[in-house]
Structures are given as structure tokens and as C-alpha cells.
Amino acid sequence: MSSIHIPYTTGSTTSVDGTTIGYRQVGGGPGVLILPAGTQASQHCMRLAAALANDFTVYVIDRRGRGLSGPHGDRYSMARECEDVDTLLAKTGAHFVFGHSSSALVALQAALTLPAVHKIAIYEPPLSTNGSISTAWIPRFDREIAEGKPAAAMITFLKADHLTHLPRWLLLPLLNWYLKKEKKTLLPDDVSLEALIPTQRFDGLLVKEMDGRLETFAHLNKDVLLLGGAKSPTFLRDILDSLTHTLPHARWIEYSEFDHSAPNQGRPGQAGPERIAQDLKTFFCQS
């Protein structure tokens with residue numbers, strides 16, 4: 001559903017190619033950029049931002065194609081995402097970055113290439129090796145989006161990544177019902193899930209572009225906090241294990257009760273964002 005109501009201000013900057021990149025801002029102190037995952041926008045990270053706000057100035061980014069920001073553009077790539085991060089760091093003076101899922105790939109590459117990034121924390125990056133994470137779903141996904149079937153497209157992605165075992169015939173009416181219900185909960189500046197679903201194909205392109213780049217991060221001489229949940233798919237845990245053995249300065253925390261959604265809302269009754277914020281505070285505050 002939509003974000004809970006947390007007071008914030010908004011701001012924006014202009015990236016290298018002229019695209020507007022907007023954000024929500026809360027708190028005070030050293031700057032932290034939060035990069036939301038694939039089918040998510042700034043609204044979905046406000047609980048995490050609020051949990052950090054007593055210690056940091058938190059900038060929750062609307063990545064390209066989302067909310068306060070402009071479109072992906074004709075030449076979308078990881079280079080564009082890193083240009084956006086670099087522009088945001090210059091605008092805000094921040095040096096810390098948190099990325100979730102596909103945005104964790106952005107954070108990794110930004111840390112490797114941008115001097116202004118001092119530390120990153122990442123939650124379950126889908127870093128593929130030799131096609132271990134398939135992007136073969138993208139053509140069907142694109143067709144379903146073009147046909148005006150966003151729910152069907154979302155299911156295509158979920159099934160390809162083994163994120164659900166429920167049959168398509170059952171998922172489709174449930175997801176269509178949810179998309180309609182969710183629209184009624186939106187707050188100002190929020191973006192509906194239906195509008196966010198098309199962004200998933202661009203994050204799929206990032207996964208494809210970054211395939212096979214694990215060893216390049218052996219040269220990342222910055223502190224990295226790796227985060228993940230024991231209830232997430234096994235392949236995500238395997239990626240964190242590989243990164244632990246590749247990154248020169250990495251620490252891995254696994255949350256026994258959490259899954260892939262923990263940085264946002266997590267499972268009902270769980271304080272995923274608040275628990276993760278505690279570890280982010282410790283990590284970013286260490287000299």
C-alpha cells in the first residue's frame with residue numbers, strides 16, 4: 001500500500017543529460033541517499049527514512065521514471081543511474097548511500113566509480129553471474145505493458161524470478177483487485193503501483209548490463225555493509241556470500257526473520273525498516 005504520512009520537504013536537481021531527479025527530504029545531520037528498488041518510489045522508503053531522521057539528513061530518491069523525477073530517457077543505462085547519484089551527492093553534500101534490490105546494483109557501481117561516495121549499505125542486490133538471473137522475461141513483459149495489461153506484466157516478472165509459486169490464473173484477479181484498492185490509499189506525491197510496474201523492465205536491463213561483473217568489485221576499497229533476510233530466495237543469499245568473499249571491506253548481516261521486502265514494509269507485524277535503520281546508523285557513524 002501507500003506510504004504512511006511522514007512530514008517531508010521535496011527537492012530536485014538536474015542530471016547530466018538534463019533529466020530532473022527529485023527527492024523527499026527528512027531529518028538533520030550527515031547526508032544519506034536512499035535508492036528505492038524496482039517497482040518502488042520514494043513513498044515506499046519513508047519508514048526507513050523516518051527511522052534514520054534523528055541522526056541523518058535523509059534524501060529519498062525518486063529514480064528515473066518515478067514520482068518527482070523525469071523519464072528514463074532513450075539512452076538509459078547504469079552510467080545514467082550513476083550520473084544521477086553523482087549529481088545528487090553534489091547537490092546534497094551527502095556521502096552515504098543505501099540501495100535496495102536493483103538499486104543496490106546502482107549503489108555498488110556508484111561506490112566503485114564516484115569518489116564522493118564514502119560508504120554504501122546494500123540490501124540483496126540481484127548481481128547475476130553468467131545469466132544466473134534471467135532477463136528473458138523482458139520481451140513478454142514489454143508486450144503485456146503495450147497491451148495495457150500491467151498486472152499480467154508484473155506476474156511475468158514475478159514468475160520469472162521465482163518470487164511466487166502461485167498460479168497465474170489465481171494471481172491475475174488478486175493483483176488487479178489490489179491495483180484498484182491501492183490507488184485509493186495514495187497520499188500527495190505518491191505513485192500508484194500500476195504506474196510503477198513499467199519501471200521494472202529498466203531495472204531488468206540493469207541486471208542484464210551488470211551480469212558477470214562480480215570480480216570488478218574486488219577493487220572497491222570502500223566500506224560496504226551487506227544486508228539480507230534468511231526468508232528471501234536462496235539465490236539472493238548466494239550473491240551476498242559471493243560479495244562477502246570478493247569485496248575487500250565488507251560486513252554481512254543476515255536477519256533471520258526478514259525477507260526481500262524488509263527495508264520497506266516487511267511482513268505484517270515486523271519492524272523491518274526500524275531494525276535495518278539501527279544497523280545503518282552504526283555503520284555510517286563508524287569512522
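## The largest cavity

In this predicted model, the largest cavity has a volume of about 40 Å³. A search of the whole structure turns up 1 cavity of 30 Å³ or more. If you are wondering how such a space is found, rolling a probe the size of a water molecule over the atoms shows where empty space is left.

The lining of the largest cavity is made up of I21, L35, I61, R63, R64, E81, D84, V85 and L88. Helix α2 (residues 78–92) gives the most to this lining, with 4 residues.

## D203 and its partner R63

R63, one of the residues lining the largest cavity, also takes us to D203: the side chains of R63 and D203 make a polar contact (3.1 Å). D203 sits in helix α8 (residues 200–210) and is buried, with a relative accessible area of 0%.

Leaving aside residues up to four places away in sequence, D203 touches A37, G38, R63, R66, Y76 and S102.

## Helix α6, one face at a time

At 1.5 Å a residue, its 16 residues should span 22 Å, and the end C-alpha atoms are 22 Å apart, which agrees.

Which residues of α6 are buried? They are L171, L175, L179 and E182. Seen down the axis of α6, the buried residues fall within an arc of 75°, so they line one face of the helix. Their cover includes α5 (150–160) and α7 (193–196). On the other side of α6, W169, W177 and K180 are exposed.

How values were computed
Residues are numbered from 1 along each chain as its sequence is written. This is a predicted model: local features need pLDDT of at least 70, side-chain atom pairs count only at pLDDT 80 or more; totals for chains, interfaces and linings use all residues. Side-chain values use heavy atoms; hydrogens and water are left out. Helices (H or I, at least four residues) and strands (E, at least two) are DSSP runs, numbered from the N terminus. The expected span of a helix is 1.5 Å times one less than its number of residues. Buried means under 20% relative accessible area, exposed over 50%, partly exposed in between (1.4 Å probe, protein chains only). The arc is that of the directions from the helix axis to the C-beta atoms. Contact means heavy atoms within 4.5 Å. A polar contact is a pair of N or O atoms within 3.5 Å; within protein, one must be able to donate a hydrogen and the other to accept it, and residues adjacent in sequence count only if both atoms are side-chain atoms. On a 1 Å grid over the protein atoms alone, a cavity is a set of points where a 1.4 Å probe fits but cannot get out, and a pocket is an open set with protein on both sides within 12 Å along at least five of seven lines; lining residues have an atom within 4 Å of a point. Grid points are joined across faces, edges and corners, and a volume is the space filled by probe spheres set on the points.
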